[in-house]
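Subject: Structure handover

Hello,

Here is the structure we talked about. Please load it first, then read the notes below.

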Amino acid sequence: MVPQFGTSGLRGLVTALTPALVGDHIRAFCRACPVGTGLFIGHDLRPSSPDLAAVVADAAVESGVDVTRCGAVPTPALALAALQAGAGAVMVTGSHIPADRNGLKFYTPQGEITKAEEAAILAALGQPAGQGGGVQRVRQDVGAAYAGRYRRAFGASLTGLHLGLYAQSAVGRDLMGDLLRTLGATVTELGRSAHFVPVDTEAVSDSTRQQLRDWSAAQTFDGIVSTDADGDRPLLTNAAGDVVPGDVLGQITGQVLGAEMAVTPISSNSGAETIFDRVIRTQIGSPHVIAAMAKPPARVVGYEANGGFILGFDAHGPAGSLPRLMTRDALLPLLATLVAARQAGGIAKLCAAQPQRFTARDRLTDIAPAETSDLIAKIDFSAQKNQDFMRQFDLSFLDANRMDGLRLRATTGDIIHLRASGNAPELRIYTEAATAPAAVALLDDVKAWVLAELG
């Protein structure tokens with residue numbers, strides 16, 4: 001897996017993320033993009049991350065940039081600290097992908113880099129190292145400042161809730177536990193791991209889903225909370241341990257905050273169009289969402305099917321102000337949904353009040369993008385081919401969207417969406433239907449077809 005930019009930063013095998021390659025990208029970033037007062041650096045808990053963070057720091061110093069080492073912190077905490085300091089940032093994380101891979105997320109003082117800035121970094125590669133001159137310092141309060149943002153906004157609004165905290169190897173696990181208790185909840189930690197656990201909040205594995213249900217059956221929880229490795233994608237279950245889809249968390253959070261407009265990728269369920277005054281659909285990936293959010297002057301939010309939430313206006317929580325934060329965040333959708341669920345009589349009842357559109361999703365690993373393209377070519381580029389494919393699943397073809405992969409919609413409103421992952425050699429499969437069982441059944445049927453076609 002040659003390191004390359006995907007839907008969220010630079011990703012590649014750890015063996016390919018050599019000091020020379022990482023240093024080249026950091027020097028290119030410092031040359032091609034604004035970094036303001038310096039560069040803030042953080043990392044997740046996978047084994048390779050601390051050493052890669054040191055390489056990032058050394059390369060920035062070589063470029064004459066002052067460095068602030070923030071240690072193991074959630075991505076949104078790092079981004080918030082850098083934004084407040086008028087600095088750039090680099091987060092060393094591979095997010096949800098396995099430990100044999102890692103990556104870099106880049107931020108300018110304005111927030112997450114755009115696709116145009118990615119291109120500028122690539123164009124600046126290969127230049128000689130600078131003469132140095134930057135200095136390194138350490139800052140240890142970044143996580144606490146991030147948690148303080150939510151203490152001020154949410155007060156004691158979780159009083160009376162009993163929550164399970166699936167700690168696994170998430171970098172923000174201790175921060176989250178302390179914050180939830182400060183907000184009034186009783187917290188029971190579950191599944192802490194000394195080894196890295198890749199948690200994909202967009203495609204939660206069957207074994208993880210079963211573990212969450214087993215924990216919920218053994219204890220009385222109002223819900224179980226967690227995040228991905230770097231803390232910018234949330235995971236929430238109801239009292240029975242059933243996972244709440246990330247796009248549903250986004251819808252609920254937008255409603256709680258009084259958003260007028262939502263920006264979300266085409267992989268999110270179509271219920272958004274019945275909730276918000278205006279919806280903009282984008283390609284998959286937070287850079288595309290952020291770019292679309294920057295255009296309209298509105299009370300706008302962005303969210304993805306993985307649950308990552310972007311606040312595009314100054315809002316208010318139950319206890320205080322909540323300034324805009326133009327980076328993907330996990331804590332806000334968790335807290336906003338839990339507060340709304342208290343008023344609705346539980347997470348399950350709150351979700352049942354949402355538009356009845358249900359999504360299911362899965363991924364097939366070790367599938368090269370070219371294989372996905374060849375597979376899609378077998379069923380696309382003519383209405384007849386689209387119709388023949390949909391007929392296998394007792395659906396009648398209505399229209400196709402090729403913004404990101406191939407998204408086919410049936411006359412019933414059911415959706416089948418195939419695309420190559422932008423972060424790893426994976427084929428992503430998404431389905432949507434009027435009931436959760438129907439969405440899962442359609443997903444299983446499509447997955448079986450894909451596996452048969454791939455041999």
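Everything is done on a 1 Å grid over the protein atoms alone. A cavity is a set of points where a 1.4 Å probe fits but cannot get out. A pocket is an open set with protein on both sides within 12 Å along at least five of seven lines. Lining residues have an atom within 4 Å of a point. Grid points are joined across faces, edges and corners, and a volume is the space filled by probe spheres set on the points.

This is a predicted model: local features need pLDDT of at least 70, side-chain atom pairs count only at pLDDT 80 or more, and totals for chains, interfaces and linings use all residues. Residues are numbered from 1 along each chain as its sequence is written, and side-chain values use heavy atoms, with hydrogens and water left out.

Pockets

The largest pocket is lined by 36 residues. Nearest its centre lie R209, V243, P245, T359 and V440. Its space is about 790 Å³. Five elements are listed as giving two or more residues to this lining: α7 (206-218), α8 (246-257), α12 (347-352), β20 (358-365) and α15 (436-454). Helices (H or I, at least four residues) and strands (E, at least two) are DSSP runs, numbered from the N terminus. By residue class, the lining of the largest pocket holds 17 nonpolar, nine polar and 10 charged. For the classes, Ala, Val, Leu, Ile, Met, Phe, Trp, Tyr, Cys and Pro count as nonpolar, Asp, Glu, Lys and Arg as charged, and the others, Gly among them, as polar.

The second largest pocket has a volume of about 270 Å³. Its lining includes L80, Q110, R149, R152, P323 and M326. Two or more residues come from each of α3 (75-85), α5 (142-154) and β19 (325-329). The lining of the second largest pocket splits into six nonpolar, three polar and three charged.

Cavities

There are four cavities of 30 Å³ or more. The largest cavity holds about 110 Å³. It is lined by 16 residues, and T7, E202, R233, I284 and N423 are the closest to its centre. Two residues of that lining are nonpolar, eight polar and six charged.

Sheets

Two strands pair if DSSP finds at least two bridges between them.

D399 has R409 as its bridge partner in β22. Four residues lie between the strands of that hairpin, and G405 there takes a positive phi near 80°. β22 also pairs with β23 (415-420) over four bridges. On that side, R409 partners I415. This hairpin also has four residues between its strands, with G413 at a positive phi near 95°. Six bridges then join β23 to β24 (426-433), where L418 partners I429.

How enclosed is β22 (406-410)? Four of its five residues are buried, so β22 is largely enclosed by the rest of the structure. Buried means under 20% relative accessible area, exposed over 50%, and partly exposed in between (1.4 Å probe, protein chains only).

A second open sheet has four strands in the order β10-β9-β11-β12, with mixed pairing. Its edge strands are β10 (186-192) and β12 (234-236). The twist here averages 25°. β9 (162-168) and β11 (223-227) run parallel, joined by three bridges. L163 stands opposite G223.

Two residues to check

S95 has phi near 55°, a positive value in a residue other than glycine. S95 sits in the loop between β5 (88-92) and β6 (101-108). Is S95 buried or exposed? S95 is buried, with a relative accessible area of 0%.

F381 also has a positive phi, near 80°. F381 is in the loop between α13 (369-377) and α14 (383-391). F381 is exposed, at 62% relative accessible area.

Best wishes

Technical notes
Axes are lines fitted to C-alpha atoms, for helices over the stretch in contact, and angles run from 0 to 180 degrees between N-to-C directions.
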